[in-house]
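User: I'd like to go through a few backbone and packing details here. Can you take them with me?

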Amino acid sequence: TKCIGILTSGGDCPGLNAAIRGVAKAALGQGTKVIGIKDGFRGLVENRMRALEDGDVSGILTHGGTFLGSSRDKPHRMPMGGKVLDMTEVAVSNAQKNHIDCLICLGGNGTQKNAMRLHEAGLNVITLPKTIDNDVAGTDITFGFDSSMAIATEAIDRLHTTASSHHRAIVCEIMGNKAGWLALGAGIAGGADVILLPEIPYDMDHVVGHLLERRHHNKRFSIIAVAEGAISKQEDQDGRKKKNMASDEEIEGLIAEPVANRIAREIQQAAGIEVRYTSLGHVQRGGTPTATDRLLSTRFGTKAGELLQDGIYNVMVGLKGEHCVAVPLAEVAGLTKVIPPNHPWLKAAALVDTCLGDELN
Ligand code: F6P
């Protein structure tokens, strides 16, 4: 009998439990032993794991988060008792001691890299692309993205009614790390008037011109959807890191000022209109997955089960068109998928008069 270990790593998202369930049920159905590892790679290093039975993964399809727990810990740089240590060998030997033939890692870009490192250190791995950011290479879409986009869209809908009642502009900050998929998708679906993305450094004069033009046409409210990684042209020219959560602040564990706050202030000063801001934060990662994410997670999870049965390892499961495919991990680890300049979503946004922060090339 084969034996697999499953772990969830990085920021959680809706659909993780559905994916764990998909992997576990498919594997148990083949007679494969399934071990659930707690809190991502930390649980592997600390040997916190237990066998899962069918009953452990029943009734979790609709639940948000991950019942296994998650962490952002990396095996090769793990804080342990006040020091940061390379625990790669311990991770590998714990997997071997527990007779794990293949480690199934559910995670985003960081997880793809960490899984690749463990593979290089001697473990068989299969990964599933999970993140609300949709920024994993080698797949058309990641699970978690659709649910998060639905939450952000609903938030924009709610902001619309209050913005319109008070004739205000409201800036809404949307997650997404260094990619703008979530802000662009939710911005289009929610009918945002301005969408600012990391991929298109914004020109504040252009944004203000658009807002004043709306006023001129008696549209007395505006919604500005801002990706957390959005940057101005000036910041881009200064070579600023493409994420507003400044890395120094992250390292020191400080909470960065929401980018929406700063942009709201700039708009209020430059346009002379009343502005409010909202940062959606972790609300976007919580709660039950959409039907689309439940379906995708179940397909990804069960595809991992098929690959196991065929002995295909060191791959990420991805979606290409209609089909789940196995992509060599080496082809995706270390890459980030951002919105390409010619992406059809950008064109659609522009054609419904959405300001994207600057002229499109
Ligand atoms: O990758 C998911 C994500 O929610 C990003 O959109 C965001 O930048 C980051 O995680 C927030 O991380 P944390 O939950 O550690 O604050």
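This is a predicted model: local features need pLDDT of at least 70, side-chain atom pairs count only at pLDDT 80 or more; totals for chains, interfaces and linings use all residues.

User: Is Asn314 buried, exposed or partly exposed?

Analyst: Asn314 sits in the loop between α11 (291-309) and β12 (315-320). It has 19 C-beta neighbours inside 10 Å. Buried takes 20 or more and exposed takes 12 or fewer, so Asn314 counts as partly exposed.

User: And Asn134, buried or exposed?

Analyst: Asn134 belongs to the loop between β7 (125-129) and α5 (145-166). Because it has 28 C-beta neighbours inside 10 Å, Asn134 counts as buried.

User: What is the phi of Asn134?

Analyst: Most residues other than glycine have a negative phi. Asn134 isn't a glycine, yet its phi is positive, at about 55°.

User: What about the phi of Asn314?

Analyst: Asn314 isn't a glycine either, and its phi is positive too. The value is near 60°.

User: Now the helices: at what angle do the axes of α6 and α12 cross?

Analyst: Helix α6 covers residues 181-189 and helix α12 covers residues 344-351. Their axes come within 10 Å, and the crossing is left-handed. The angle is roughly 35°.

User: How many nonpolar residues does the contact of α6 with α12 have?

Analyst: From α6 come Leu184, Gly185 and Ile188, and from α12 come Trp345, Ala348 and Ala349. Gly is counted as polar. By class there are no charged residues, 1 polar and 5 nonpolar.

Technical notes
Residues are numbered from 1 along each chain as its sequence is written. Helices (H or I, at least four residues) and strands (E, at least two) are DSSP runs, numbered from the N terminus. Axes are lines fitted to C-alpha atoms, for helices over the stretch in contact, and angles run from 0 to 180 degrees between N-to-C directions. A crossing is left-handed if the near helix is turned anticlockwise from the far one by less than a right angle, and right-handed if clockwise. Two residues are in contact if their C-beta atoms, placed from the backbone, lie within 7 Å.
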